Amino acid sequence: MKRITVLGATGSIGQNTIDLIRRAPDNYDVVAVTGATNIKQLIKDAIDLRADIAVTSDETRLAELRDGLAGTGIEAAAGAAALIEAAARPADWIMSAIVGFAGLAPGLEALTHGTTLALANKESLVTAGPLLMGKAKRLGATVLPVDSEHSAVFQALIGEDITAVERVIITASGGAFRDHPIEALANVTVAQASQHPNWDMGQRITIDSATMFNKAMELIETKEFFDVSASQIETIVHPESLIHALVGFNDGALMAHVGPHDMRHAIGFALNYPDRKTLPVERLDLAKIGQLNFRTPDPARYPALAIADQVMAEGGLSGAVFNAAKEQALDHFIAGDCGFTDMARVVQTVLDVMLTREGLQNATITLDSVREADAMARALTSEEITDTKG
Ligand code: NAD
Ligand code: MG
């Protein structure tokens, strides 16, 4: 029996993970499930999976969680400390699928027992890649990527020597506005930005796909996870999103990972690793698909990509600043405080200002220093957005 914990169980990745666990309940012993505001779902999952403990990050919802679990023998807990405590409970496989910077601390904690960490929370690598990967190495923990692109690269690299890799090509769908007139982007709505052309994901990552902030994060994620240089990483727009990534080797070969739009592939690969087991995903009919298309991303449409290059070049805490500014700008966009194109503009400004002011390039990455940079970048982002509005 594999002991499993799912951090962010009630979200899109969490629910897909639970779908796979439910199909083979006898193989898994669920330790902890965590969520935030969807307490009904958290209660249901905890009971269905017979978890030891269910945790909500929202302390005001503890009573509701406790009531829902009364008589089941399942522990209920709430708040940041409880989340950390649950993440630190011994488990063989822990899914890190909390959205945003909030996922970093529990993910770091999850490494404590040298476990296998299935990493969907890309913010952990963007804000603190060296910290997370360094801790995993020290403790003998295995980190497996659960982003579809990174799972694809990981699979293309099995049995290969990383020194034979010339380039890693990350594909991008192009998001909701890949064919929208650039001049009209400033006026698109939150509802329009929340419709992904190919995938069904959480709202935040869907909007991040439209700006390509998601891809920007993934470029940084690639650098941190695979230890390749920024100059080796390329982005290509591939509207069908069937090739998730390609690895180019020194003999000119390109290894492409092709698969359906279904996160249960990347999750299932990580769950069964190092084995491959049958997964309930669609089998592609290539003749029916007919053709696959590729285009170079237009830097004017997707300024986020140049920001990622800058973050990779600067290093240090610039990833933490970038991520915080991006998350904060996204909050403001969702709240209706700023326009779609303001997000990239403000993130760029905050990054530039903080890099000149604070000397973040050379700072040591610790949970505290990342938190500090995160808080400063968020404050500055809100200021910048308020100033522009006023
Ligand atoms: P989601 O919004 O659907 O779910 C997020 C989960 O985190 C929920 O369980 C929620 O309760 C929890 N949560 C939210 N705020 C929290 C907080 N402050 N503290 C603790 N828990 C909190 O998000 P998602 O789409 O499942 O994405 C999860 C992570 O996986 C993100 O980092 C995302 O970038 C990454 N990812 C998602 C996909 C996808 O297809 N959805 C693909 C690749 C990577
Ligand atoms: Mg991805």
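How many residues of domain 1 are in contact with residues of domain 2? In this predicted model, where local features need pLDDT of at least 70, side-chain atom pairs count only at pLDDT 80 or more, and totals for chains, interfaces and linings use all residues, 20 residues of domain 1 touch 24 residues of domain 2, contact being heavy atoms within 4.5 Å. Residues are numbered from 1 along each chain as its sequence is written, chains are lettered from A and ligands numbered from 1 in the order in which they are written, and side-chain values use heavy atoms, with hydrogens and water left out.

Domain 1 covers 2–145, while domain 2 is made of 160–261 + 297–389; these bounds come from an automatic or database domain assignment. Taken over C-alpha atoms, the centres of domain 1 and domain 2 are 25 Å apart.

Next comes an open sheet. Its 7 strands are ordered S4-S3-S2-S1-S5-S6-S7, with parallel pairing. Here helices (H or I, at least four residues) and strands (E, at least two) are DSSP runs, numbered from the N terminus, and two strands pair if DSSP finds at least two bridges between them. At the edges sit strand S4 (75–78) and strand S7 (142–145), each pairing on one side only. From one strand to the next, the twist averages 20°. Strand S1 (residues 2–7) is joined to strand S2 (residues 28–35) by 5 bridges in the parallel sense, and Thr5 stands opposite Ala32 in S2. Helix H1 (residues 12–23) packs on this sheet, touching S1, S2 and strand S5 (93–96), and its direction makes about 155° with that of S1. For such angles, axes are lines fitted to C-alpha atoms, for helices over the stretch in contact, and angles run from 0 to 180 degrees between N-to-C directions. Helix H6 (residues 122–139) lies across strand S6 (116–119) and S7, at about 165° to S6.

What about strand S8 (residues 165–172): how many of its 8 residues are buried? The count is 6, so to speak a mostly covered strand, where buried means under 20% relative accessible area, exposed over 50%, and partly exposed in between (1.4 Å probe, protein chains only). S8 runs antiparallel to strand S10 (residues 243–249), with 5 bridges joining them, and Ile170 has Ala245 as its bridge partner in S10. S8 also runs parallel to S9, again through 5 bridges, and Ala172 stands opposite Val237 in S9.

Thr235 belongs to strand S9 (residues 233–237) and counts as buried, at 17% relative accessibility. Leaving aside neighbours within four places in sequence, Thr235 is in contact with Ile170, Ala172, Lys215, Leu219, Pro297 and Leu305. Lys215 and Leu219 are among the buried residues of H10. Since 12 of its 14 residues are buried, H10 is largely enclosed by the rest of the structure. Helix H10 (residues 213–226) is followed by Asp227, whose phi is positive, near 60°.

Finally, there is the largest nonpolar core, with 129 residues; such a core is a set of buried Ala, Val, Leu, Ile, Met, Phe, Trp, Tyr and Cys residues joined through side-chain atoms within 4.5 Å. Val33, Met95, Phe322, Phe340 and Met343 touch the most other members. Helix H15 (residues 340–358) gives the largest share, 9 residues. Domain 1 and domain 2 both contribute residues, so this core lies between them.

Conventions: Expected span 1.5 Å × (residues − 1).
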